Amino acid sequence: MEDVFSPLRSVCPSLCMWKLLPEGNIASGKTTCLEYFSKTSDIEVLTEPVSKWRNVQGCNPLGLMYQDPSRWGLTLQTYVQLTMLDRHVLPMSTPVRMMERSIYSAKYIFAENLYKSGKMPEVDFAVLSEWFEWIIKNIAIPVDLIVYLQTSPQTCYERLKQRCREEEKVIPLEYLESIHNLYEDWLIHHKSFEVPAPVLVIPADHDLKKMLHQYEENREKILMAHC
Ligand SMILES: Nc1ncnc2c1ncn2[C@@H]1O[C@H](COP(=O)(O)OP(=O)(O)O)[C@@H](O)[C@H]1O
Ligand SMILES: Nc1ccn([C@H]2C[C@H](O)[C@@H](COP(=O)(O)O)O2)c(=O)n1
């Protein structure tokens with residue numbers, strides 16, 4: 001599909017494309033955030049393709065990964081990488097796109113966590129890493145802003161239990177702590193991997209009412225800060 005805004009952009013440079021990524025721990029509130037902004041006109045919202053990860057041709061790589069990460073971690077993460085890339089390269093049909101997570105967090109957070117915790121064999125991690133490096137070297141994946149929903153692992157644990165997704169019932173608090181630490185090292189302390197865009201941090205332990213209030217307060221920064 002062509003970029004429907006390109007003829008207009010040559011006469012009106014301020015008509016810019018804005019791609020932002022809500023990022024954060026499991027059950028931190030990303031989908032809820034996306035649902036809120038989806039009510040705004042001219043925003044395209046791409047939620048994570050979790051339904052695909054739970055059902056690829058009748059198989060459930062997400063469930064398999066939680067049951068036996070050493071065996072199925074690479075299978076899931078390869079598929080996550082593909083489905084994320086597919087979303088990243090979709091032509092934009094509105095000036096603003098919000099895309100839940102990214103190919104970056106798939107690699108820097110989830111694959112890294114599997115490997116560092118000893119649950120992904122070195123050879124699996126090497127193959128996944130080469131794929132990832134090839135992709136980011138050869139395919140443009142522009143990102144303008146990362147919106148980091150910063151939560152405590154405990155908050156996510158409570159929200160995860162409340163959401164009650166079947167595959168995730170085996171997740172212990174320690175798993176969320178590891179994911180949290182990787183996110184903090186990446187997006188806050190800049191200690192691990194390159195950050196592909198500026199980061200807006202939104203404290204996200206609050207109740208829904210306060211979260212919606214914060215989204216309103218940050219609406220301009222989130223949606224069009226550069227235009
Ligand atoms: N601010 C909040 N306070 C309490 N519960 C929340 C809040 N935000 C989301 N939830 C609930 O927590 C669960 C996980 O939220 P969700 O948006 O699906 O997280 P994510 O997409 O980051 O995994 C859902 O049941 C959701 O209704
Ligand atoms: N690269 C990834 C991305 C996500 N997951 C898992 C984590 C959750 O169980 C599920 C969806 O995440 P949520 O949107 O609820 O934060 O997918 C993974 O294992 N690897």
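How many Å lie between a polar side-chain atom of Arg163 and an oxygen atom of ligand 2? The distance is 2.9 Å. The model is predicted, and the views below look at parts of it.

**View 1. Ligand 2 and the side chains around it.**
Ligand 2 has 20 residues around it. Lys30, Glu48, Tyr66, Arg101 and Glu168 come nearest. The side chain of Arg101 places an N or O atom 2.9 Å from an oxygen atom of ligand 2. For Glu168, the corresponding distance from a side-chain N or O atom to an oxygen atom of the ligand is 2.5 Å. How much of the accessible area of ligand 2 does the protein cover? On its own, ligand 2 has 450 Å² of accessible area, and the protein covers 99% of that.

**View 2. Glu100, marked in a record.**
UniProt, in an unreviewed entry, places the feature "active site" at Glu100. Glu100 is found in the loop between strand E3 (96-99) and helix H6. Is Glu100 buried or exposed? Glu100 is buried, because its relative accessible area is 4%, under the 20% cut-off. Beyond residues up to four places away in sequence, Glu100 touches Pro22, Lys30, Thr31, Leu34, Leu46, Thr47, Glu48 and Met84. With Thr31 there is also a polar contact, side chain to side chain, at 3.1 Å.

**View 3. The largest nonpolar core.**
This core has 44 residues. Ile26 and Trp186 have the most contacts inside it. Several elements give two or more residues to the core, including helix H5 (69-88), helix H7 (122-138) and strand E4 (145-150). Helix H6 (103-116) is also one of them. The largest share, 8 residues, comes from H6. In soluble globular proteins, nonpolar side chains tend to be buried together.

**View 4. Ile26 and its contacts.**
Which residues does Ile26 contact, leaving aside neighbours within four places in sequence? Among them are Tyr66, Phe110, Cys156, Leu160, Ile171, Tyr175 and Leu176. Arg101, Arg163 and Glu168 are also in contact with Ile26.

**View 5. Ser192 in its loop.**
Ser192 sits in the loop between helix H9 (173-188) and strand E5 (199-203). Ser192 counts as partly exposed because its relative accessibility is 37%, between the 20% and 50% cut-offs. A polar atom of the Ser192 side chain lies 3.5 Å from the backbone nitrogen of Trp186. Tyr108 is 84 residues from Ser192 along the chain, with 8.3 Å between their C-alpha atoms.

Definitions and conventions
Residues numbered from 1 in each chain as written. Chains lettered and ligands numbered in written order. Predicted model: local features only at pLDDT ≥ 70, side-chain atom pairs only at ≥ 80, totals over all residues. Heavy atoms only, no water. Helix = DSSP H or I, 4+ residues; strand = E, 2+ residues; numbered from the N terminus. Buried < 20%, exposed > 50% of the residue type's maximum accessible area, 1.4 Å probe, protein only. Polar contact = N/O pair within 3.5 Å; in protein donor to acceptor, adjacent residues only side chain to side chain. Core = buried A, V, L, I, M, F, W, Y, C linked by side-chain atoms within 4.5 Å. Contact = heavy atoms within 4.5 Å. Near = heavy atom within 4 Å. Areas by Shrake-Rupley, 256 points an atom, 1.4 Å probe, with all protein chains shown as cover. UniProt positions renumbered as here; feature names shortened; annotations may be inferred.
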